[in-house]
Amino acid sequence: MRTTVSPKLLERLVAVDDHRCAYCRTAQATSGYPMEIDHIIPRSRGGVTLFENLCFACHRCNLFKRSVTELMDPVTGIVTPLFHPRHQPWAEHFRWDETGLFVVGRTAVGRVTVITLQLNNDTIVNARRNWIGVGWHPPADL
């Protein structure tokens with residue numbers, strides 16, 4: 001189901017996420033799809049349509065995330081919540097590999113998010129690879 005928000009709320013999302021997926025940080029132009037508005041805590045799990053629970057997500061991340069909110073971390077064996085882009089800094093939980101093509105989880109939160117959202121799926125990695133030649137690079141602020 002597509003989420004509709006007020007122009008003011010949409011403007012706030014653009015200001016914070018800058019047409020980048022809050023999860024994989026890939027730009028809308030790179031992914032080839034318009035950003036979707038994601039309920040960080042899904043509506044099916046009681047999430048509300050307020051800024052604190054919304055972010056931009058690329059089509060792939062949103063597709064893979066569905067209503068998942070946690071997963072068992074393969075390193076610790078502990079059930080861990082997914083990354084919350086409004087409450088947690090991206091760089092604390094993720095980093096780019098040396099090629100700038102792959103997102104690497106630094107923490108349990110990062111690892112379960114990389115796995116659940118398939119942040120390095122073939123389609124998005126190929127899109128990043130294709131854009132490197134025309135100026136795409138991982139966001140410098142991360």
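Are Arg86 and Asp17 buried or exposed? Both Arg86 and Asp17 are buried, where buried means under 20% relative accessible area, exposed means over 50%, and partly exposed lies in between (1.4 Å probe, protein chains only).

The model is a predicted one, in which local features need pLDDT of at least 70 and side-chain atom pairs count only at pLDDT 80 or more, while totals for chains, interfaces and linings use all residues. Residues are numbered from 1 along each chain as its sequence is written, and side-chain values use heavy atoms, with hydrogens and water left out.

**Salt bridges**

Side chains of opposite charge can pair when their charged atoms come close. A salt bridge here is a side-chain nitrogen of Lys or Arg within 4 Å of a carboxyl oxygen of Asp or Glu. By this rule there are three salt bridges.

| Pair | N to O distance |
|---|---|
| Arg86 and Asp17 | 2.8 Å |
| Lys65 and Asp38 | 3.2 Å |
| Arg111 and Asp73 | 2.7 Å |

Helices (H or I, at least four residues) and strands (E, at least two) are DSSP runs, numbered from the N terminus. The salt bridge between Arg86 and Asp17 links distant parts of the chain, with Arg86 in the loop between β4 and α4 and Asp17 in helix α1 (residues 7–17), 69 residues apart. Lys65 and Asp38 form another salt bridge, which joins helix α3 (residues 59–65) to strand β1 (residues 36–39) across 27 residues. Both Lys65 and Asp38 are buried. In the salt bridge of Arg111 with Asp73, Arg111 lies in helix α5 (residues 108–117) and Asp73 in the loop between β3 (70–72) and β4, so the pair ties together parts that are 38 residues apart in sequence. Arg111 counts as partly exposed because its relative accessibility is 22%. Asp73, at 0% relative accessibility, counts as buried.

**Helix α1**

Leu9, Leu13 and Asp17 are buried in α1. These residues cover an arc of only 50° around the axis, which puts them on the same side of α1; the arc is that of the directions from the helix axis to the C-beta atoms. An α-helix has 3.6 residues a turn, so residues three or four places apart point the same way. Pro7, Lys8, Glu11 and Ala15 are exposed on the other side of α1. The buried residues of α1 pack against β1 and β2 (54–57). Just after α1, Asp18 has a positive phi of about 50°.

Contact means heavy atoms within 4.5 Å. Leaving aside neighbours within four places in sequence, the contacts of Lys65 include Tyr23, Asp38, Ile40 and Leu82. Lys65 and Leu82 are 17 residues apart in sequence and 9.4 Å apart in space, C-alpha to C-alpha.

His84 sits in the loop between β4 (79–81) and α4 (90–93). His84 counts as buried because its relative accessibility is 11%. Not counting residues up to four places away in sequence, His84 touches Ile40 and Glu52.

**Nonpolar core**

A nonpolar core is a set of buried Ala, Val, Leu, Ile, Met, Phe, Trp, Tyr and Cys residues joined through side-chain atoms within 4.5 Å. The largest nonpolar core has 29 residues, of which Cys21, Tyr23, Cys61, Phe94, Val103 and Leu119 touch the most other members. α1, β2, β5 (94–96) and α5 each supply at least two residues of this core. With residues up to four places away in sequence not counted, Leu119 touches residues including Tyr23, Cys61, Phe94 and Val103.
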